[in-house]
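Please study the sequence and the three-dimensional structure shown below.

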Amino acid sequence: MLMSKTESYGKLKEHFNSMNNVHLRELFADDVNRFERFSVIWEQFLFDYSKNLVTNETLRLLLGLAHESNLSEKIEAQFKGEKINNTENRAVLHTALRNRGNEEVYFEGKDIMPGIRKVLEQMEQFTQDVHNGKFCSYTNIRFTDVVNIGIGGSDLGPKMVCNALKKYSSGKVNIHFVSNVDATDIEETLRKLNPETTLFIIASKTFTTWETLTNANTAKAWFLKSGASTADIAKHFVALSTNHKACNQFGIPSENMFEFWDWVGGRYSLWSAIGLPISLYVGFENFEKLLAGAYKMDSHFRNTPFERNIPVLMAVIGIWYMNFWGFDSHAVIPYDQYLERFSEFLQQLDMESNGKRVSRDGKMLDYSTGPVIWGTIGTNSQHSFFQLLHQGTGTIPADFIAFAQSLNPTDEHHNILMSNFFAQTEAMMMGKNADEVKLELSSGNMTESEIEKLLSHKLFPGNKPTNTLLIDKLTPETLGMLIAMYEHKVFVQGVIWDVNSYDQWGVELGKQLAKSIYPELNHKIKIKSHDGSTNGLINYYNSIR
């Protein structure tokens with residue numbers, strides 16, 4: 001059912017009218033226990049959503065919307081392997097990949113857990129063999145560097161996790177990621193490496209992805225140019241794929257292939273064999289801890305009442321802002337250098353999942369979906385886009401993420417970082433009114449006319465909503481929890497918006513057109529097969545090559 005046809009939607013529109021002029025300052029002044037009532041402590045997480053424009057009534061209505069969307073049933077449908085990806089007739093079972101319990105998971109009448117465990121065992125053995133030198137170069141030298149060649153989910157997830165878990169590196173290999181078909185990416189990576197000690201992972205389910213195969217062939221040519229033979233490719237290239245024939249033709253034997261399945265979507269695939277570079281970088285034991293953390297969040301999401309369910313609360317609050325307040329942008333700001341790629345990862349997770357304009361049954365939606373997700377690490381971001389957050393003409397809700405314990409406790413660095421972390425959400429909520437600005441300026445011996453001239457520039461409206469996630473420490477386990485939390489938030493919003501969060505047809509059109517344009521480049525004749533602009537651009541490009 002379209003969200004706009006539910007009873008809760010109409011009630012929320014009415015409720016919004018009563019909330020439209022409420023200020024967060026007032027909500028805190030009226031309720032001394034607001035923090036306690038609007039926060040959740042779970043495992044190593046404190047989720048504070050008290051600095052949001054919500055009341056008990058708001059949450060009652062938002063959770064009513066979730067219930068009207070049959071969210072509980074749809075959560076179970078996903079975990080039980082029903083084909084909820086209806087446009088591709090596929091199940092969505094990335095949760096099974098991190099199933100740390102003893103329960104069986106069935107897909108089309110067959111328990112898929114034995115197959116999952118088999119691939120995990122293969123990953124564990126391969127990781128050990130690379131680390132101890134049993135799987136080594138064609139000259140019997142231990143590998144020092146691993147290059148993962150993929151794109152989209154085969155790149156963003158593993159790259160983000162490896163960056164986040166640098167402190168947990170096994171120290172056995174250096175890790176590199178190549179995704180862009182721009183030759184600069186592969187060339188600048190290879191420039192630093194020794195072919196004799198470099199292992200390549202080619203990550204492509206079909207082994208036909210244009211960008212990935214282009215980079216893989218460049219890597220293979222570089223390797224062969226160094227003096228290696230075609231037979232040596234089998235020692236230096238492995239594949240994360242299901243296409244045995246194409247891998248064999250490339251030179252990768254089937255025993256060096258790692259399987260994953262149709263029910264693993266690309267942006268949810270880091271838990272699968274796509275996570276092999278993570279295992280090689282931080283060790284298989286830490287990869288398992290990553291899975292274990294995600295499994296804990298899965299259990300929380302599946303079994304916790306909505307009123308205390310962190311992903312559900314995040315999701316419905318996001319819908320409140322998107323569909324009733326008209327806030328169509330959302331910032332994610334981790335206060336930890338190790339999470340510098342986290343917001344980039346979330347962009348694909350969220351916008352590729354819910355950037356849809358039709359419902360699951362193909363009806364045009366009459367409400368917005370899929371906020372623009374963006375952000376970067378604090379405190380760097382405070383000196384770039386925070387001006388817009390604090391004093392811009394729009395309102396951009398934000399998630400603030402930090403860890404109470406630093407992995408690099410050096411002097412006062414962490415306390416300075418955390419003082420900024422706490423201050424920013426307070427500043428966004430409280431702002432600074434005219435009386436406070438005047439008091440501040442008058443203490444600096446400014447005249448009344450000087451104060452009046454500067455007053456409007458120094459005003460902060462406040463009332464900018466934020467979620468705060470304060471986590472004990474960044475570990476493989478808590479990172480797994482954090483990623484899974486956002487996955488489930490995206491799923492809940494997709495359910496309420498009645499969109500298929502697991503297809504991505506919008507990615508295809510540009511790819512199709514690119515393949516038709518590719519043969520036209522380097523032509524000496526005028527191209528006339530496109531619109532006037534595209535023809536002009538191609539012809540100008542060809543003329544200056």
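In this predicted model, helix 14 passes helix 21 in a right-handed crossing. The residues that make the contact include Leu 290, Gly 293, Ala 294 and Met 297 of helix 14, and Gly 480, Met 481, Ala 484 and His 488 of helix 21.

Two packed helices are described by the angle between their axes and the distance between the axes. Helix 14 covers residues 284–303 and helix 21 covers residues 476–497; the two pack at an angle of about 40 degrees, and their axes are 7 Å apart. Helix 14 is therefore oblique to helix 21.

Six strands form an open sheet with mixed pairing, in the order 1-2-13-12-10-11. Which strands lie at the edges? The edge strands are strand 1 (39–42) and strand 11 (372–374), each of which pairs on one side only. On average, and with direction ignored, neighbouring strands of this sheet are turned by 15 degrees against each other.

Strand 1 and strand 2 (residues 45–48) run antiparallel and are joined by four bridges. Val 40 has Phe 47, in strand 2, as its bridge partner.

Helix 18 (residues 413–430) touches strand 12 (398–405) and strand 13 (466–473), and its direction makes about 150 degrees with that of strand 12.

Finally, the backbone deserves attention. Most residues other than glycine have a negative phi, and most peptide bonds are trans. Glu 43 is not a glycine, yet it has a positive phi of about 50 degrees. Glu 43 is placed in the loop between strand 1 and strand 2, and it counts as partly exposed because its relative accessibility is 45%.

Phe 207, also not a glycine, has a positive phi of about 55 degrees. This residue is found in the loop between strand 7 (198–203) and helix 10 (210–225). Is Phe 207 buried or exposed? Phe 207 is buried, with a relative accessible area of 4%.

A cis peptide bond, with omega about 10 degrees, joins Gly 378 and Thr 379. Thr 379 has its place in the loop between strand 11 and helix 17 (386–391).

Definitions and conventions
Residues are numbered from 1 along each chain as its sequence is written. This is a predicted model: local features need pLDDT of at least 70, side-chain atom pairs count only at pLDDT 80 or more; totals for chains, interfaces and linings use all residues. Side-chain values use heavy atoms; hydrogens and water are left out. Axes are lines fitted to C-alpha atoms, for helices over the stretch in contact, and angles run from 0 to 180 degrees between N-to-C directions. Angles under 35 degrees count as roughly parallel, over 145 as roughly antiparallel, 65 to 115 as roughly perpendicular and the rest as oblique. A crossing is left-handed if the near helix is turned anticlockwise from the far one by less than a right angle, and right-handed if clockwise. Contact means heavy atoms within 4.5 Å. Two strands pair if DSSP finds at least two bridges between them. Buried means under 20% relative accessible area, exposed over 50%, partly exposed in between (1.4 Å probe, protein chains only).
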